[in-house]
Amino acid sequence: MLQFLENGIQARAYFTFGGYTTAPVTQATRTMVTASAAVNCTCVPFYYCDEGQVVSDGNGVIDIREGWPCRSVLEVCCRNPRATPTPSMPVTGGPVTSPPGGGSTTVGTAIPGFIPQCGTLNPNGVHARILGFKDSETQFGEYPWQAAILEQKVIGGVWVLKFICGAALIWPSVVVTAAHCVKGKEAGHLIIRVGEWDTQTTNEFLPYQDIWGKEIVIHPQFYSGSLLNDVALVFLKTAAVLAPHVDTICLPEASPQVSYDGTSCWTTGWGKNAFGPAGEYQAILHEVEIPVVSQNICTTLLRNTSLGQKFSFHTSYLCAGGLKGKDSCSGDGGGPLVCPSLADPWRYVLAGVTSWGVGCGSYGVPGVYVDVSKFTTWIQSQVSQRVPTFNPRKVAVEAASSGSSSNSQGMVPNQYV
């Protein structure tokens, strides 16, 4: 559902995040037609199936271009599935069933053997690469900083999770989101989910983590009418356990010289794939590659919309998009817009936070994001006041020649908190 604000602005937030009470693993026997013969098999997560028993050869690659007989892209059709799964990594996850104030406790560190590094993209996914996607679906764990802000409510006597907005993990106990997403919310009723990918199943390679909110900090100059300074921080009650599919995004340099104009960047979320009634919310996390648009060009383009010729571009805005059919949309609010770092193009920074737009995906109508570089100093100050062990250097990207090789052998995992 779109939230209509002043001046024709449509904030990108608020819809029900489905699939949290997922069905158990499918165990029904199905018939898969192969080139040779019909084969009886059982749909199970790929790690339940011994090598050689999978009906389609994968070797770490799942290809869904052919007719896929299973309900999840992470299941395989197995002739003789094992009774018990491979033990999963020690990360807290699973659906939340307790009322606000409860929740599991996690330790603010990384799993054994994993070395966290902000801004590290996993373009081939974590543990396997899935082929055959046609609608901009991401790989599992490709954007490890992606988070979802959920609100737990009692409806009909049952605790349910309502999706509020996207967010980005910048520290194991802090996410950045849009202020309009969390304005008026109680931190203790919010759950921050990290490591999520497919909202309709719990069969991912590694489990997600649900962590209770502790405090919401909204920028003091946030104005909800035109969504000026639309940025907020949510501090978590406990810290996330960092893992290949759960890691932080770097912050951009706080400098007036920082500019991503013309840069191809990526926005991610579970929001609608089209504007209006025809649009559908996405089960699997989606990505869209869009260029950053300069302030002058963006102002001209937006003045040609329903905003009118009096529209004034605020310094807290950043524009991106304007390509037909490529845009963030309703439900993507608060989510990240990430760009290659100017210091090291192999790592990414949080250039923007999805804020508002005029429709979705129309040619010549870019979306508007929060320009995070304008708030880097404020973010660092707020986190430093509340997290004594916060180290600004761990959320920054140094030049490739001096600081991008932090995954070299011999280093120990970062102790974030």
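**Reading bridges, strands and a core**

User: What joins Cys-298 to Cys-319?

Analyst: Cys-298 and Cys-319 are joined by a disulfide, with an S to S distance of 1.7 Å. This pair links distant parts of the chain, since Cys-298 belongs to helix α2 (residues 295–303) and Cys-319 to strand β16 (residues 317–321), 21 residues apart. A disulfide is a pair of cysteine sulfur atoms within 2.5 Å. Helices (H or I, at least four residues) and strands (E, at least two) are DSSP runs, numbered from the N terminus. The model is predicted, so local features need pLDDT of at least 70 and side-chain atom pairs count only at pLDDT 80 or more, while totals for chains, interfaces and linings use all residues. Residues are numbered from 1 along each chain as its sequence is written, and side-chain values use heavy atoms, with hydrogens and water left out.

User: How many disulfides does a search of the whole structure find?

Analyst: The search gives four disulfides. One of them links Cys-118 with Cys-250, the sulfur atoms being 2.0 Å apart. The link of Cys-118 and Cys-250 is right-handed, with 95 degrees about the S-S bond.

User: Is the disulfide of Cys-165 and Cys-181 left-handed or right-handed?

Analyst: It is left-handed, because the torsion about the S-S bond of Cys-165 and Cys-181 is about -70 degrees. Cys-165 lies in strand β9 and Cys-181 in helix α1 (residues 179–182), so the pair ties together parts that are 16 residues apart in sequence. The sulfur atoms of Cys-165 and Cys-181 are 1.9 Å apart.

User: Are Cys-165 and Cys-181 buried or exposed?

Analyst: The terms come first: buried means under 20% relative accessible area, exposed means over 50%, and partly exposed lies in between (1.4 Å probe, protein chains only). Cys-165 and Cys-181 are both buried. Cys-118 and Cys-250 are buried too, as are Cys-298 and Cys-319.

User: Which residues are linked with Glu-151 in a network of salt bridges?

Analyst: Glu-151 is linked with Lys-153 and Lys-185 in that network. The side chains of Glu-151 and Lys-153 meet at 3.9 Å, N to O. Glu-151 is buried, with a relative accessible area of 8%, whereas Lys-153 is partly exposed at 34%.

User: How does strand β8 pair with strand β9?

Analyst: In a regular strand the side chains alternate between the two faces of the sheet. Two strands pair if DSSP finds at least two bridges between them. Strand β8 (residues 146–155) and strand β9 (residues 158–171) run antiparallel and are joined by ten bridges. Ala-148 stands opposite Gly-166 in β9. The two strands form a hairpin with two residues between them, and Gly-156 in the turn has a positive phi of about 65 degrees. Strand β8 also pairs with strand β11 (residues 190–194), again antiparallel, over five bridges; there Glu-151 stands opposite Leu-190. Seven of the ten residues of β8 are buried.

User: How many residues does the largest nonpolar core have?

Analyst: In soluble globular proteins, nonpolar side chains tend to be buried together. A nonpolar core is a set of buried Ala, Val, Leu, Ile, Met, Phe, Trp, Tyr and Cys residues joined through side-chain atoms within 4.5 Å. The largest one here has 68 residues, and those with the most contacts inside it are Ile-170, Leu-233, Leu-302, Trp-356, Ile-379 and Val-383. Strand β9 supplies the largest share of this core, seven residues. Contact means heavy atoms within 4.5 Å. Neighbours within four places in sequence aside, Val-383 is in contact with Ile-170, Val-174, Leu-233, Phe-235 and Phe-390.

Terms used. A salt bridge is a side-chain nitrogen of Lys or Arg within 4 Å of a carboxyl oxygen of Asp or Glu.
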